[in-house]
Each structure stands twice: as C-alpha cells, then as structure tokens.
Amino acid sequence: NRLITGDILPDAQKITYPEGFTLEQIASRTVRQGLGTAAEFIQNAQPSLWQDQFPFLTDIPPGRDLEGYLFPDTYQFNSEAESDQIIQRLLATFARRVTPDMRTAAQNQGRTLDQIIIMASIIEREVISDKDMALVSGVLWKRYQEDIGLAADATTRYALKKWDSPLTYQDLQSDSPYNTRKWRGLPPGPISNPGLRAIEAAINPENSPYYYYLSTPAGETIFAATNDEHNTNKAKYLRR
C-alpha cells in the first residue's frame, strides 16, 4: 500500500499529465512542480538517448522528439527527480501499457507502431468518447488508405500552437506539413501524447459508411457519408 500511495517518498511530487498533452505541455507542467527546466526536459526527450532501453523507439525517424510516446498518467516523483528520470518513467509506462499484443495487432494490419501513435494522437485531440474515437479512427484510416487527405483540424492547430480559438481561412492555408487539409497522408509525427483509449481506437477502427465528421461546440461528433451531407451538418451545427 505504501508503494502504491507513494508514502515511501518523503517529499513526493504528484503530477498528472492528461491525455492529449503535448511534449511542451508536459515539460511546462513538470517545471511548475519545481522539477528542472523546460529546456532540459525537451533536450532529454530525444529518441536516440532512449533507444537502447526502449527498442520500440528505433522506428522514429531522425529529427523527431519523443512526442507521442510520453504516456499520460498520474505519477509520483521524488522532489529531486531530474528530467531524464521523469522521461524514463513515462516511457516505461508506455512500454507496459502498449502491450506486445497491441503492437502485433498493428503489424498484422500492415501498420508500424509509429503510424499507430501518430493516428492515435490525432484521435485524442479530435474527439472525446470511446465510441466516437473508434468511428473517427475508421474514417481517418479510410481517408488515409484512399489517399483523400485526413483534413483533421487538430494537426493544423498543433503546427500553429492554436488549440482554443477558431481557425481562420489563413490558418487552413498554412504550408506546414502538419496541415492535413493541404497535404495528404499522415503528418510527420504525433501531435500529442495519446492515452490508451485513443491508441486502442487507432489499432481497432470501427468500419462505417462515413467519410466526414465534425465536432459541435457542445463536444458532440456528427458523422456524414458524403460531402453534401457534411456541408449540411456544418450549416446546421457550426454556423450561427
């Protein structure tokens, strides 16, 4: 019980990293708890530093950081914990929670773990409920396989660091490779650190006739099979 509650740490710092936090948000929250600096955290969040200990990171292309692989959860750290110790805990949790069976299921679908994590990171930022996650996963994988383009606004928000305010026409025309309205295929890397529900949804998409979806201001996800139906939904749910 003392191990579980953290009572063995005399000056324990409890930190919750929510699903969908970015690497920068994780670093910022860690610093606010008085543990290290953001620059040091991000400097240590390089795959090459951890690939020997966590071989699943070897699939990450050069030039990327650990975005997507820092598993969100509530952790207890010693008050003197350094950034490398914190990152090691988050990666170890990822290795434990994303099981070998899950990785094998992804491989059996012809998808790499990195592709799954990229897709899961988008799902995490696009929808809330488990059922919607599975349906959106099905929509996005179908659009990916048919080379339609994902058109997921969350990827553009990631590039622009614009998570809350409405995206403008100029935002949606940005040349960033993370703009999935403009560029087809998956973005260059994850846009958040997804939780287990989103990862499971990325591995187990739900088939449907849908090709489009939108999120209402109330957080409800509305699906459509055709572009005309999608435009009708936009007029009904988004325009005032």
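Guide: What follows takes a residue and a helix in turn and sets values against definitions. This is a predicted model, in which local features need pLDDT of at least 70 and side-chain atom pairs count only at pLDDT 80 or more, while totals for chains, interfaces and linings use all residues. Residues are numbered from 1 along each chain as its sequence is written, and side-chain values use heavy atoms, with hydrogens and water left out.

Visitor: Why is Thr74 called partly exposed?

Guide: Thr74 has a relative accessible area of 39%, and because buried means under 20%, exposed over 50% and partly exposed in between (1.4 Å probe, protein chains only), Thr74 is partly exposed.

Visitor: What makes the pairing of the side chains of Thr74 and Thr16 a polar contact?

Guide: The two side chains come to 2.8 Å, and the term requires a pair of N or O atoms within 3.5 Å, of which, within protein, one must be able to donate a hydrogen and the other to accept it, residues adjacent in sequence counting only if both atoms are side-chain atoms.

Visitor: How do you know that α6 is largely enclosed by the rest of the structure?

Guide: Of the 14 residues of α6, 12 are buried, so the helix is largely enclosed; among them are Leu113, Ile118 and Glu126.

Visitor: Why is α6 called oblique to α7?

Guide: Their axes come within 10 Å and cross at roughly 125 degrees. Because angles under 35 degrees count as roughly parallel, over 145 as roughly antiparallel, 65 to 115 as roughly perpendicular and the rest as oblique, α6 is oblique to α7.

Conventions:
Helix = DSSP H or I, 4+ residues; strand = E, 2+ residues; numbered from the N terminus. Axes fitted to C-alpha atoms, helices over the stretch in contact; angles between N-to-C directions.
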